[in-house]
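Please read this report with the sequence and the 3D structure open beside it. The headings below follow the chains and their parts in turn.

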Amino acid sequence: MTIPARAPDPGRVDGWVWPARLRPPKRLAETRAGELVVRHPQADSQASPALVTSLRAAAPDLLSIPVAEMVELLGGATDALVSGLDGDAVGHVAANAGMSTAMAAQILDGMAVSWNGETLRHLVAAEFADPRVLDGFVSGGARAIRAAGPGLTLHLGAGTVPGVTVTSMIRALLVKSAVLAKPGAGDVALTVRFAREVQRIDARVGAAVAVQYWPGGAEDWDSWERDVFRAADQVVVYGSDATIESVRARAPASTRLIEHPHRVGVAVVDPGRAPGAAAEAARAAVLFDQRGCVSTQLVFVLGARRAVRRWCASLASELVALEEVLPPGQAGPSDLSALHQLRGRLRMKGAASAGTGSEKIDLWHGERSRWTVVLASPDAFEPSGSRTVWVVAVPDLKACLRALARLAPVLQTVGLAGIDANRVDFARELCGLGVTRVVPLREVPYPEADWMHDGNRPLGELVRWSELR
Amino acid sequence: MAEPDCVELTRELAALFRAGGERLRDDDEFDRMALRVHAAQRTANPTLRRYWDGVASSEPSSWLEILPVPVSAFRDVPIVSGAAEVVFRTSGTTAGASRRGEHHVASVDLYLAAARGNYRRHLFADCGPGSGAPRLALVSLIPRPDDALDSSLSAMAGFIAREPEVAQTTWAFNPESGVDVHSVVRAVGATTAPILLLTTAFALVQLLDGLGAVRLSLPAGSRIMETGGFKGRVAEVDRATLYRRVGERLGVPQSHVINEYGMTEMLSQAYDGVAGRAGAAVEREHRFPPWVRTRALHPADLSPLPSGEPGLLAHCDLANARSVCHILTEDLGSTTRSGGVRLLGRAPGASLRGCSLTAESFLRLTRVSALSVDGPR
């Protein structure tokens, strides 16, 4: 790789889809995202009221669509999306996310399953004992109840994981809330494709969906953001602490916030009882290029350090193999620099700790590889990304829980491999620390559609219940 | 306790630097000295010895074979041979306040020896003893050393303030409130002597913004040493624009505005021109003194790149004899055939992130005492 003196001219992708009844934006701006340039409307104080008014005007039509029909419509849009994802389209999604094409294809395969009609039917049934509550009052005992999404839900997607925004949009449409979606910079291409399919498949739903990318938090978008935070009934925000705090500070109290902050994925492995765990851990770390909230970053392995070292070597072999099958995206000098700095720092920390009697740090990585395995004590852990898997040797599950206590504020998914005895008790202890998802390690990358996302029901967190007595 | 060889080497190097270090321009001579320093560091610092032994099986035969230490390692481990006289800390702007790098400096005299001749050559070339030039009035937008005991830049500003060519000094930076624009205006109004303005790029912007519509004409012969724009926040400052504003608002031409490239973790600095004779900012290259060698390394595998090809910069600075000489930076740049360095700034662009937690957020959220794991090892 050479660093070109001038970056090559990248491809472009439209970062907006507005309802057909609105005039297209007059002036467009461009923002670089991954290897693509996203073309999106310029900040325009006139545009947000028009967009919001248009979406709100479409909301009553959404309410008139029975939920069973909505499931079919959205499943149909997914089918159309998937059938349109040829090599070029996948390449576009990959370039936008800064991922390899193989990785993007794998992610799309995995995520699209959770958007098809059958899965959505299952999701609605899992959340609502009688899904007709989404269509109107349903009598039960002394009262009738109904569940409804609010008029307009604003979605603020996270950086560069393709599919996060589509999932969020589908959830809101299932509860019949109009959608204004701002995808993460690296998730624009897929979100726009999906919105176009929705518009093609049903005019009523299409009129209630808009996508627009803008550089979140930018000074010249502050007024726009305040307007849409005020206009939306609820805001679903994925992002860093800074992003969430910024939205909290500017959204009025009347706008409901549903927050999905960044997380650390953990695995707990008993290698003696799970011979395939190294491969599963490698896959859980590598998928999404370790950018997902579910992505495994830290693995607790039961056993003595010497045995765990051997396990780390097998994990390293699996990561080598995956680098062939699911190559990482093109890395810029900053990513590569960060990798060298991390490895060198850890080597130095290891050299320092060797003289003090505290636990050693061992490293595995290839000459030009992008993955790294770090065997260290739990207090050395810091999320590093870029396919860095931290491994901690623990004698038993109690030691694992003690070490995890420090991570309590950032826990979400824990993948288990070979942890069969006392599994329920262990899960209860994990949940006490803040973990909201305990699953077999092999299932870590792709949560089921009805997963308890950050401790909430994915549709349940969007609706308000009403009763009629 | 430092090994005797280390202490002796420190004295020898300080004398060599004070004499200009010209003989170190010779490759063999530089190699001999670099390997002596390396051997002394190995002996005096077991951590460094283990660091190098962990990856290299044999003794290096040239400084080129010494594994560089990444600059971020200064955040975690005190890297020092002997007792530190002072600990300099990075500003924390690039890695966050919780992860400041620390340079444990065992010989402030060696720092002075490395810095002094170099800044004198670049800032005082036309006003040394016997030149007949008037003495300079120093205005510093870098904090006074007493206000920033752990700042290597403030320490250097303190060295400069003691130079015989400096008639008076105004410290015009308040650690609480930033640039004291009124002090600068008063200092300029109170003298007819040329001003030497020491500043970070950001303080300079703050000064220019603070002046508003006021044009503060510095006396003829005034000069500016600005620094800091190449680390972390470079993107916010366009150097050509900055220098144009300096010309318009302060009346100091580009030929008299010099950029200094330095870092807390290195005791030597590079300058991109001599005050009064500097060329256009966009065409300049930085030059280190003869006791520093720089390479651009391929970002993928750290293999050395030929002149002109940009990569990650690694410097071997013999002034770091009491810490570690060969440092891998996070800066991008290229070397030139004439021995200069072209800086391209920090490795650009934030990494592509999704919804997994960054280390910075993690450290902020989990800053509680860590529990260690007991059991078999």
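What follows describes the domains, the cores and several selected elements.

## Basis of the report

This is a predicted model, in which local features need pLDDT of at least 70 and side-chain atom pairs count only at pLDDT 80 or more, while totals for chains, interfaces and linings use all residues. Residues are numbered from 1 along each chain as its sequence is written, and chains are lettered from A and ligands numbered from 1 in the order in which they are written.

Chain A is divided into domain 1 (11–262 + 454–468) and domain 2 (264–443), the bounds coming from an automatic or database domain assignment. The centres of domain 1 of chain A and domain 2 of chain A, taken over C-alpha atoms, are separated by 33 Å. Contact between them involves 13 residues of domain 1 of chain A and 14 residues of domain 2 of chain A, where two residues are in contact if their C-beta atoms, placed from the backbone, lie within 7 Å. On the side of domain 1 of chain A that touches domain 2 of chain A, the residues divide into five nonpolar, six polar and two charged; here Ala, Val, Leu, Ile, Met, Phe, Trp, Tyr, Cys and Pro count as nonpolar, Asp, Glu, Lys and Arg as charged, and the others, Gly among them, as polar.

The largest nonpolar core has 152 residues, and A:V269, A:A281 and A:V391 touch the most other members. Domain 1 (11–262 + 454–468) and domain 2 (264–443) of chain A both give residues to this core, so the core lies between them. A nonpolar core is a set of buried Ala, Val, Leu, Ile, Met, Phe, Trp, Tyr and Cys residues joined through C-beta atoms within 7 Å, and a residue is buried if 20 or more other C-beta atoms lie within 10 Å of its own, exposed if 12 or fewer, and partly exposed in between, with C-beta atoms placed from the backbone. Leaving aside neighbours within four places in sequence, the contacts of A:V269 include A:A281, A:V299, A:V301 and A:A417. Apart from this core lies another, of 98 residues, among them B:A34, B:F88, B:L198 and B:L218.

## A helix and a strand in chain A

Helix α12 of chain A (residues 305–325) has 21 residues and reaches 30 Å from its first C-alpha to its last, close to the 30 Å expected at 1.5 Å a residue, the expected span being 1.5 Å times one less than the number of residues. Helices (H or I, at least four residues) and strands (E, at least two) are DSSP runs, numbered from the N terminus. Among the buried residues of α12(A) are A:W311, A:L315, A:E318 and A:L322, and what covers the buried residues of this helix includes α11 (277–286), β13 (296–302), β14, β15 and β16 of chain A.

Strand β15 of chain A (residues 372–375) is covered on both faces, with A:T372 and A:V374 buried on one side and A:V373 and A:L375 buried on the other. Strand β14 of chain A (residues 362–364) pairs with β15(A) in the antiparallel sense over three bridges, where two strands pair if DSSP finds at least two bridges between them. In this pairing A:L363 stands opposite A:V374. Four bridges join β15(A) to strand β16 of chain A (residues 388–394), and these two run parallel; A:L375 stands opposite A:V391 in β16(A).

## Chain B and its domains

The secondary structure of chain B comes to nine helices and 15 strands, and of its 377 residues 47% count as buried. Chain B is divided into domain 1 (4–107) and domain 2 (108–290), whose C-alpha centres lie 27 Å apart. Contact is made by 24 residues of domain 1 of chain B with 17 residues of domain 2 of chain B, and α1(B) gives the most to the side of domain 1 of chain B that touches domain 2 of chain B, with five residues.

## An enclosed strand in chain B

Ten of the ten residues of strand β14 of chain B (residues 326–335) are buried, so this strand is largely enclosed by the rest of the structure. Strand β1 of chain B (residues 69–70) pairs with β14(B) in the parallel sense over two bridges, and B:I327 is the bridge partner of B:V69. Strand β13 of chain B (residues 311–317) is joined to β14(B) by five bridges and runs antiparallel to it, with B:H315 opposite B:I327.

Five bridges also join β14(B) to strand β15 of chain B (residues 341–346), again antiparallel, and B:G333 stands opposite B:L343. In the hairpin of β14(B) and β15(B), which has five residues between the strands, B:G339 takes a positive phi near 90°.
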